[in-house]
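I am opening a notebook on a structure that is new to me. The entries below record what I looked up.

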Amino acid sequence: MNKEVSVAKIRDFRRHKEYKEFDQASNGYSLMPFNFYRVDDTTEVIINEVGDFLYVKKGTAEKIITRKLSKRDEPDLYADLIANFFISEHIYSPNIDILAARIRTKKLFLESFTSLHIFVITLRCDHTCSYCQVSRVTQNRDIFDMKREYLDKGIDFMMKSPNPCVTMEFQGGEALLAFDQIKYAIAKVESLAPIYGKKVSYVICTNLALINEEILEYCKSHQILISASLDGPKEVHDRNRNKLGASSYELAVRGIEMSQNILGKDRVSALMTTTLHSLKYPKEIVDEYFKRDFGGVFLRNISPYGFALRTEEARYQTDEFLDFYKVALDHIIEYNKQGFFFVEHFSQILLTKILTPYNVGFVDMQSPAGLINGVIVFNYNGKVYATDESRMLGEQNDYSFMLGDLVDDTYDEIVYGEKAQKIAQVWANESLAGCSDCPFQVYCGADPVHHWATQGDIYGYRPTSSFCQKSKGVISHLFKLMREDNEAKKILESWVRI
Amino acid sequence: MILKTKGYAVGVEEPLVMIATRYTSRLVSDDYCLISDSLYDEDVYTVSQDSSDKQYKGIFNVKSTSHICEGDIICLRKDGYVQTLYRVNSSNNVLFVTGRCNSNCLMCSQPPIDKDDIDFWFHINMKLITLIPKNCPELGISGGEPSLLGDKLFQMISLIKEELPVTEIHMLTNGRMFSYDQFAESLARINSPRIMLGIPLYSDYYQDHDYIVQTKDAYFQTLMGITNLKRYGIRIELRIVLNKLTVGRLDKLARFICANLSNVDKVAFMGMEMVGRANTNNKELWVNPVSYMIQLKNALEILASRKIVAQIYNLPLCFIPQEMWYATVKSISDWKNVLPTECNGCLVMDKCPGFFQSNTKEFNLINPILELNSSDE
């Protein structure tokens, strides 16, 4: 290049240029994948492929799509849309590598595969709860404990998981009725874990009726987490959960206090189950959890499995649960406004998905679904199930989600077998009708087991799906709340843990 | 602060990079040159090792040498200049690698010189690196745009890694050359754990950033550069200069960083230095810092919620609400940092980042802090 040309080029480069000279729009703009949802009469929220969202005036989505959006007339909105991957002035956004990294981040929970391994160590139970997911059997029948042979195989299976961090969760019946089996299993895992390079967390799910100091000291020295059942104050809890000759509530509270004292409050958590009866007491249930110093509550609805399907008491419309949820959430936010940090855990999970680029390994709400990818269940009889709920169907002689047998089948046959492959075709909501074009798809998940149990179809039919109804109801409520109440918005944002 | 002085050069052809000393005994080493400041004249010279016929070469009749400390590293040039390249008593030493730049920022404090000086500075810096005291805590690399050195940049950083293994390296760059993946890979291959790149990003919206940088596609290239660098695990400090053109979308930029660049190691919000182009473009750029404190507070909160370290550089404490003082840093290089007389009586002068000496326009906005809220010390 001759000198004059290069001098001229440099001079032109150093010339001061006007703002409009940096405009790269040529033939309008291209649409990037996004969706929208009407929050109220005046506002929409538009949501892009990775969950970034913008509140906009009602009708904006249509304006964008019909190319009525003008860069000149609405420069701020236009800039927001370009910067946040809603539209692009190029066929391929120059930022596409960033978008790719975002999508990978959303799916990072897949990287390590199965983490939660549930061992149903016994079917024996000292309670007879009305909604029991587990086919309960009275205490006298020892054939319903998990044999050592199955325990060993289950532990081998857990060690084969590619995940360097695994959780071993003991459930039942009442897990503490088989405490000796638990001790055996933990001792075995502790000796194997260093060989396999695994970090193992232990959880015992228990109604705490049988808890004592000796058991708690054991839990303390092996760093076991306790997951208790607490449905609410006495009138709710005891109505749902029956123990012959005693108040399940009083035993639970005594057990919780003892556990918190010996293990520390951060090692004791509780789960509630919602029944028709519970629905009348949203505030009281929140108050009970607040009183017990749990720092939060997980507002769960009832799964349509097990005795629940047979018990009228447990049937109810998802709408009623949503009303319950909204009242309870309001009450929780009130506590926060008074200066107490108290979290609703289901909302917390959703808010992490909505407000951050990260995802949460919450097996009930991920795509691809949590079954096998995140969780696997070993029944007392050596059968392997895809999820907790799958096992319940098995107890009712529906073996659709039984993946195999710990003794007869290999790891590969179970995890990559025909059943698993069949489920895999419907476990990503990106490719399910009704989900793929839902504005909340990136925050939500797929649950083939739920749809099989309630609709008789693993694919699921979204318009009458109670899973969809619940997810949409909660997510849209959170969007509405964050828009209407600025103080609530700040509180919800403070719950997000990354 | 004086960093350059002049005299008459004798026997100086190539630039000589040497350590300044006032002790003749040190002259046994080739690396040293003598500062001789007598009543009548001041000279800076070296004695060649051909002791049979002592040859003196250096800069004579220098205007002043009192600013040169024992151990400072200086450059003697054939045009008579004596330039201080490294000061032993300062923690703000920077390697100047070129005056050239491939950007054209509106507020550039060091307007680019379109002359090929890369080899000139490369030879000086390669010698300089070997002379720097091994306990130097931090060394900057700046210009112009350091990445224009191409392979020479990696040679220089490799040499720093070898000669100064405990020295932290902070390089200022627009990051655009790193949009070439091999360029980022070459930097990563040096495998120094002590490198951090300071990269400016002025907006989440490409047109705003490109306008401020006065270069088409700068935004996309910088983002691609950051993406590549992060793939290799290089530490990055995002730098956001605060002026009239950047404060409008400050919270949106903070949100953009949280969503898309959450793996950067640090975000620095920087008060603008009113020198060079920033002065020329003052009307378009300058805004009273007090007026953007709300946006800055929001941006800090947004970043804090995602646990991204965010700090405020170059702004004095009296411009900033007390609840944000925790984020301030004494960041202005010592040689251009002043606390004007208007500050007298202020209780927190020792903690204050102070002013750029060229920001005289802001001195009449000074408000000495005469009492502190009880929540602070």
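With that, I place Ser142(B) in strand β10 (residues 138-142) of chain B.

On conventions, this is a predicted model, in which local features need pLDDT of at least 70 and side-chain atom pairs count only at pLDDT 80 or more, while totals for chains, interfaces and linings use all residues. Residues are numbered from 1 along each chain as its sequence is written, chains are lettered from A and ligands numbered from 1 in the order in which they are written, and side-chain values use heavy atoms, with hydrogens and water left out.

**Entry: Ser142(B).** Buried means under 20% relative accessible area, exposed over 50%, and partly exposed in between (1.4 Å probe, protein chains only). For its neighbours I used contact in the sense of heavy atoms within 4.5 Å. Leaving out residues up to four places away in sequence, Ser142(B) touches Val94(B), Leu95(B), Phe96(B), Val97(B), Thr98(B) and Leu172(B).

**Entry: helix α3 of chain A.** Helix α3 (residues 75-83) of chain A has 7 of its 9 residues buried. Among them are Leu77(A), Tyr78(A) and Asp80(A). I looked up what these buried residues pack against: β3 (43-48), β4 (53-57), α2 (60-65) and β5 (87-88) of chain A, together with α4 and α6 of chain B. After α3(A) comes Phe85(A), with a positive phi near 65°.

**Entry: salt bridges.** I counted a salt bridge where a side-chain nitrogen of Lys or Arg is within 4 Å of a carboxyl oxygen of Asp or Glu. How many are there over all chains? The search of the whole structure finds 45.

I looked at Asp204(B) and Arg249(B), which meet in a salt bridge at 2.7 Å, N to O. Asp204(B) lies in the loop between β12 (195-200) and α4 (206-213) of chain B, and Arg249(B) in the loop between β13 (235-242) and α6 (250-260) of chain B, 45 residues apart. Both Asp204(B) and Arg249(B) are buried. Shared partners join Asp80(A), Asp204(B), Arg249(B) and Lys252(B) into one network of salt bridges.

I also looked at Lys188(A), whose salt bridge with Asp152(A) has its closest N and O atoms 3.2 Å apart. This pair links helix α6 (residues 179-196) of chain A, which holds Lys188(A), to helix α5 (residues 148-160) of chain A, which holds Asp152(A). Lys188(A) is partly exposed, at 25% relative accessible area.

**Entry: nonpolar cores.** I took a nonpolar core to be a set of buried Ala, Val, Leu, Ile, Met, Phe, Trp, Tyr and Cys residues joined through side-chain atoms within 4.5 Å. The largest has 129 residues, and Phe119(A), Phe170(A) and Ile204(A) are among those with the most contacts inside it. Its largest share, 9 residues, comes from α12(A). I checked Phe170(A), which touches residues including Phe119(A), Ile182(A) and Ile204(A), not counting residues up to four places away in sequence. Another core, of 108 residues, lies apart from the largest one and includes Tyr29(A), Tyr86(B), Leu153(B) and Met171(B).

Terms used. Helix = DSSP H or I, 4+ residues; strand = E, 2+ residues; numbered from the N terminus.
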